[in-house]
Amino acid sequence: AIVTGGAQGIGGAIARRLAEEGAKVLIADIDTKTAKQNVHKIKASGGTADEFAVDIMNHEDIKAMIERAVEKWGKLDILVNNAGVTRDNLLMRMSEDDWNTVLNINLKAAFIAIKAAVRTMIKQRNGRIINISSVVGLMGNAGQANYAASKAGLIGLTKSTAKELSSRRITDNCIAPGYIATDMTDNLSDAVKEDLEKQIPLGRIGSPDDIANMVLFLAS
């Protein structure tokens, strides 16, 4: 299995959960220090993992990531496109660079990774692709035009790719989390967090483990 952005947060939880069930996990992240720490946690629990330094903006890095997993373990069963960033601002103030950065990392990188991964998966006639989108991709959100567009695009990419690959015994699914407690969302004010909790029937915000369990199901 490959998990992009697998050093921490949702990606970190996904990597650990897959490893718990016996997957050999390649944690692909630009944050190599934190990625190594997550690898250490997995190995300490008896799992198998390795880290791979990848700049998800660099398409050659993405292709090398796929090659590394196949060379190391002989196959690629699971690809989790989790890496993502935000560059929030109102549309009138949003720079073209912020738009391009978010679309490239959140959407285009997933396209490049899927395209590279399916070459191996088609030969195997088996594979699981899981893309991490966001509820914002369904609803939109003020101040997040770039993020919402990238996550909506990821949903469209998933639907199209699933139709193309299903005959090859390859599934492609997408998870659209709501508010999940991670470093990326920790900068919200307490008032905003309390308001979000009121909108959730369970009365609590989601955890990375909630998403990791969904990934495990879709990868099974």
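This is a predicted model: local features need pLDDT of at least 70, side-chain atom pairs count only at pLDDT 80 or more; totals for chains, interfaces and linings use all residues.
Me: What angle do α3 and α4 pack at, and how far apart are their axes?
Reply: α3 and α4 pack at about 35°, and their axes are 9 Å apart. Axes are lines fitted to C-alpha atoms, for helices over the stretch in contact, with angles from 0 to 180 degrees between N-to-C directions. Helices (H or I, at least four residues) and strands (E, at least two) are DSSP runs numbered from the N terminus.

Me: Which residues of α3 and α4 meet?
Reply: From α3 there are His59, Ile62, Lys63, Met65, Ile66 and Val70. On the α4 side they meet Lys108, Ala109, Ile112, Ala113, Ala116, Ala117 and Thr120 (contact means heavy atoms within 4.5 Å). By class, that contact has nine nonpolar, two polar and two charged residues. Ala, Val, Leu, Ile, Met, Phe, Trp, Tyr, Cys and Pro count as nonpolar, Asp, Glu, Lys and Arg as charged, and the others, Gly among them, as polar.

Me: What lines the second largest pocket?
Reply: Its lining is Lys63, Ile66, Glu67, Val70, Phe111, Ile112, Lys115, Ala116, Arg119 and Thr120. α3 (59-73) and α4 (96-124) are the elements that give two or more residues to this lining, and α4 gives the most, with six. The lining splits into five nonpolar, one polar and four charged residues.

Me: And what's the volume of that second largest pocket?
Reply: About 200 Å³. On a 1 Å grid over the protein atoms alone, a pocket is an open set of points with protein on both sides within 12 Å along at least five of seven lines, a cavity is a set where a 1.4 Å probe fits but cannot get out, and lining residues have an atom within 4 Å of a point. Points are joined across faces, edges and corners, and a volume is the space filled by probe spheres set on them.

Me: How many cavities of 30 Å³ or more are there?
Reply: The count is one. The largest cavity has a volume of about 70 Å³. Of its 13 lining residues, Thr4, Asn81, Ala83, Ile105 and Ala110 lie nearest the centre.

Me: Which element gives the most to the lining of that largest cavity?
Reply: α4, with five residues. Both α4 and α6 (145-165) supply at least two. The lining divides into eight nonpolar, four polar and one charged.

Me: Switching topic: is Val3 buried or exposed?
Reply: Val3 counts as buried because its relative accessibility is 0% (buried is under 20% relative accessible area, exposed over 50%, partly exposed in between, with a 1.4 Å probe and protein chains only). Val3 lies in strand β1 (residues 2-4). Beyond its neighbours within four places in sequence, Val3 contacts residues including Ile14, Leu18, Ile27 and Val80.

Me: Where is Arg125, and what is its phi?
Reply: Arg125 is in the loop between α4 and β5 (127-132). Its phi is positive, about 55°, although Arg125 is not a glycine. Arg125 is partly exposed, at 43% relative accessible area.

Me: And what about the phi of Arg169?
Reply: Arg169 has a positive phi of about 65° and is not a glycine. Arg169 sits in the loop between α6 and β6 (170-175) and is exposed, at 54%.

Methods. Residues are numbered from 1 along each chain as its sequence is written. Side-chain values use heavy atoms; hydrogens and water are left out.
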